[in-house]
Amino acid sequence: MFDQVSHFIGGVPVAEGPLFPVYDPVTGTVVRQVHEADRAVVDRAVSAARTALPAWAALPVAERARWMRRLADAIEERFEDLVAVEIADTGKSISQTRTLDIPRGAANFRAFAEIAAQRPESTYHLPGALSYTVRKPLGVVAVVVPWNLPFLLMTWKLGPALVAGNTVVVKPSENTPGSAAVLAEIAAGIGLPPGVLNVVHGFGGGSTGQFLVEHDGVDAVTFTGESRTGSSIMRSVADRVKPVSFELGGKNAGVVFADADLEAAVEGAVRSVFTNGGQVCLCTERLYVERPVFEEFADRLAERAGHLVFGRPQDENTTMMPMISAEHRDKVLSYYDLAKTEGAKVLAGGGVPAFGDDRDGGYYVEPTVLTGLPAESRVNREEIFGPVCHITPFDAEAEAVALANDSEYGLAATVWTTDLSRAHRVAQRLDAGLVWVNTWYLRDLRTPFGGVKLSGIGREGGVHSLDFYSEPTTITIKL
Ligand SMILES: NC(=O)c1ccc[n+]([C@@H]2O[C@H](COP(=O)([O-])OP(=O)(O)OC[C@H]3O[C@@H](n4cnc5c(N)ncnc54)[C@H](O)[C@@H]3O)[C@@H](O)[C@H]2O)c1
Ligand SMILES: O=C/C=C/C=C(\O)C(=O)O
């Protein structure tokens, strides 16, 4: 499927622009070629979205909600194709792809169909006057998304953007174009009005992504990716003061108290550190453990890290995946080397696994557990975005909160304790957009999702998404 990936503009494939390769992270071999969109192709995509906008925006929200449900149904009909293409681009395990990445695609469209269809309107009464609001779509929205959860994160944006009446131009990551290409086929297959959904492929700065966000015909940008990329996009759109929704990087902390259910905390840390090879913005890279249980917790986490399974993606038992690219693998390994240079104690991993087969050409790194570095170490301050964490002991609750909050990021955090009052107290004191207590990545799609500081601007999720993807007009009538 997809030896060559085309753009999708005005309801039809567009095979234009130079080809660039996408590599299989498992073996490092080329998995497909992709056309790169230049400014002219981006302009055609934006024009197609503009042309489709009036009719799409004029539909009743119930009709757009029906289109979202049809997309969800069609995703489920193409489930195996989506699983196959996502695995081919990312090397992630079939168990995760089948239980998280692709099911969330359908769930995203369904969730926002219901949230939009059920959303109550509001009126405001003054003596002698009545006020009410009407919401109109932003217009043409640029959707720029990353490679770590390609289908999940793209559809997380498309559901609310489309049901709110916008038309979109999507720019998937250059590393993971496949599932967006399948979605384009799905949209064409159900007869989604041409130009409502457009997809252009290419790179970021100086390429397709930048051409798209800068385009005068783009009214707003929703972006998920690195914080520094968010800064670049802000500069690109500053002159037009375009609305932006940014889901950016993180350096997420986990705080484990001595009264925690230690097995649950270890199991939770295994998930929050190593899921998706640590390539999830919500993953824990900094752990703070109360001193009485520090040694036991560190030993048990290190032991579990050593038993993660480097199978092939199609093996049901696989629990470790490769990094997305050689470049990202090298970035993660550079932090492993830095940690060792700075005198870290390596409790697990720290290197590259040897398979003795074609996976040695892939982008694998060992799941790694570190300790012994100071808070100011780059390992504790910079997002690594790999299967690695650093564990630090603490002695008092206030110290743990201060350590966790000592970061330029503020996306997610976890707290492990059986003390109910402490759970609420600490969770409320953490500078993060999302705090999970005695669990991780348990998602209610109605809740506000996003981060503070370098981790983002705005919140998506539930009505918060609809608020971003539409503009209210308040009308007041003298009675
Ligand atoms: N907060 C969240 O919800 C969330 C979710 C997933 C990933 N992330 C973050 O994303 C990063 C990993 O993803 P990545 O490496 O793809 O991020 P990235 O910023 O390198 O790229 C993300 C997307 O932006 C495009 N892009 C890059 N430079 C651009 C520019 N100047 N103008 C327009 N588009 C540009 C890329 O081509 C890609 O499609 C990590 O930092 C991770 O924390 C955050
Ligand atoms: O890598 C980041 C993961 C983000 C997840 C979501 O946006 C979600 O679960 O809705």
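Select C281: one of its polar backbone atoms lies 2.8 Å from an oxygen atom of ligand 2. A polar contact is a pair of N or O atoms within 3.5 Å; within protein, one must be able to donate a hydrogen and the other to accept it, and residues adjacent in sequence count only if both atoms are side-chain atoms.

The model is predicted, so local features need pLDDT of at least 70, side-chain atom pairs count only at pLDDT 80 or more, and totals for chains, interfaces and linings use all residues; side-chain values use heavy atoms, with hydrogens and water left out. Residues are numbered from 1 along each chain as its sequence is written, while chains are lettered from A and ligands numbered from 1 in the order in which they are written.

**Stop 1: ligand 2**

An N or O atom of the R104 side chain is 2.7 Å from an oxygen atom of ligand 2. Next, show Y441. Its side chain brings an N or O atom to 2.6 Å from a ligand 2 oxygen. How much of ligand 2 does the protein bury? Taken alone, ligand 2 exposes 300 Å², and the protein buries 98% of that. Such areas come from the Shrake-Rupley method with a 1.4 Å probe; for residues, only the protein chains shown count as cover.

Now select the shell, meaning residues with a heavy atom within 4 Å of the ligand. Among them are N148, W156, V280 and F449. By class, this shell has 8 nonpolar, 1 polar and 2 charged residues. Here Ala, Val, Leu, Ile, Met, Phe, Trp, Tyr, Cys and Pro count as nonpolar, Asp, Glu, Lys and Arg as charged, and the others, Gly among them, as polar. Helix α5 (residues 150-163) gives the largest share, 3 residues. Helices (H or I, at least four residues) and strands (E, at least two) are DSSP runs, numbered from the N terminus.

**Stop 2**

Axes are lines fitted to C-alpha atoms, for helices over the stretch in contact, and angles run from 0 to 180 degrees between N-to-C directions. Under 35 degrees counts as roughly parallel, over 145 as roughly antiparallel, 65 to 115 as roughly perpendicular and the rest as oblique.

**Stop 3: ligand 1**

Move to ligand 1. Show E383: an N or O atom in its side chain is 2.5 Å from an oxygen atom of ligand 1. For E174, the side-chain distance to a ligand 1 oxygen is 2.7 Å. The protein covers 92% of the 840 Å² of accessible area that ligand 1 has on its own.

**Stop 4: α3 and α6**

Finally, select helix α3 (residues 79-90) and helix α6 (residues 178-190). Their angle is about 155°, and their axes lie 8 Å apart. They are therefore roughly antiparallel. L82, V85, E86 and D89 in α3 meet G178, S179, V182 and I186 in α6. Contact means heavy atoms within 4.5 Å.
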